[in-house]
Amino acid sequence: MLWGEDVIPGEVRSRYDHYDLLRTIEAIFDVAPMATGDAKARPIGGIWRERR
């Protein structure tokens with residue numbers, strides 16, 4: 001579950017794992033993958049509001 005001003009309310013039917021979550025956090029902070037498993041993970045997308 002994710003929440004906050006930048007999250008679009010709703011349900012996502014895609015499956016994500018902890019590596020996808022870690023890759024999402026790395027993408028937000030613009031850092032390189034930190035673990036072996038997240039290098040191939042996909043950032044969680046389609047849930048973020050556009051920044052103005």
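This is a predicted model: local features need pLDDT of at least 70, side-chain atom pairs count only at pLDDT 80 or more; totals for chains, interfaces and linings use all residues.
Local features require pLDDT of at least 70 and side-chain atom pairs pLDDT 80 or more, while totals for chains, interfaces and linings use all residues. Residues are numbered from 1 along each chain as its sequence is written, and side-chain values use heavy atoms, without hydrogens and water.

The largest pocket holds about 310 Å³ of space. A pocket is an open set of points on a 1 Å grid over the protein atoms alone, where a 1.4 Å probe fits, with protein on both sides within 12 Å along at least five of seven lines; lining residues have an atom within 4 Å of a point. Its lining comprises 15 residues, with Met 1, Leu 2, Val 12, Ile 44 and Ile 47 nearest the centre. By class, 10 are nonpolar, 2 polar and 3 charged.

The second largest pocket has a volume of about 170 Å³. Among its lining residues are Asp 6, Thr 24, Ile 44, Trp 48 and Arg 51. This lining divides into 5 nonpolar, 1 polar and 3 charged residues.

Trp 3 counts as exposed because its relative accessibility is 70%; exposed means over 50% relative accessible area (1.4 Å probe, protein chains only). Met 34 is also exposed, at 63%. Trp 3 and Ile 47 lie 44 residues apart in sequence but 9.9 Å apart in space, C-alpha to C-alpha.

Note on methods. Grid points are joined across faces, edges and corners, and a volume is the space filled by probe spheres set on the points. Ala, Val, Leu, Ile, Met, Phe, Trp, Tyr, Cys and Pro count as nonpolar, Asp, Glu, Lys and Arg as charged, and the others, Gly among them, as polar. Buried means under 20% relative accessible area, exposed over 50%, partly exposed in between (1.4 Å probe, protein chains only).
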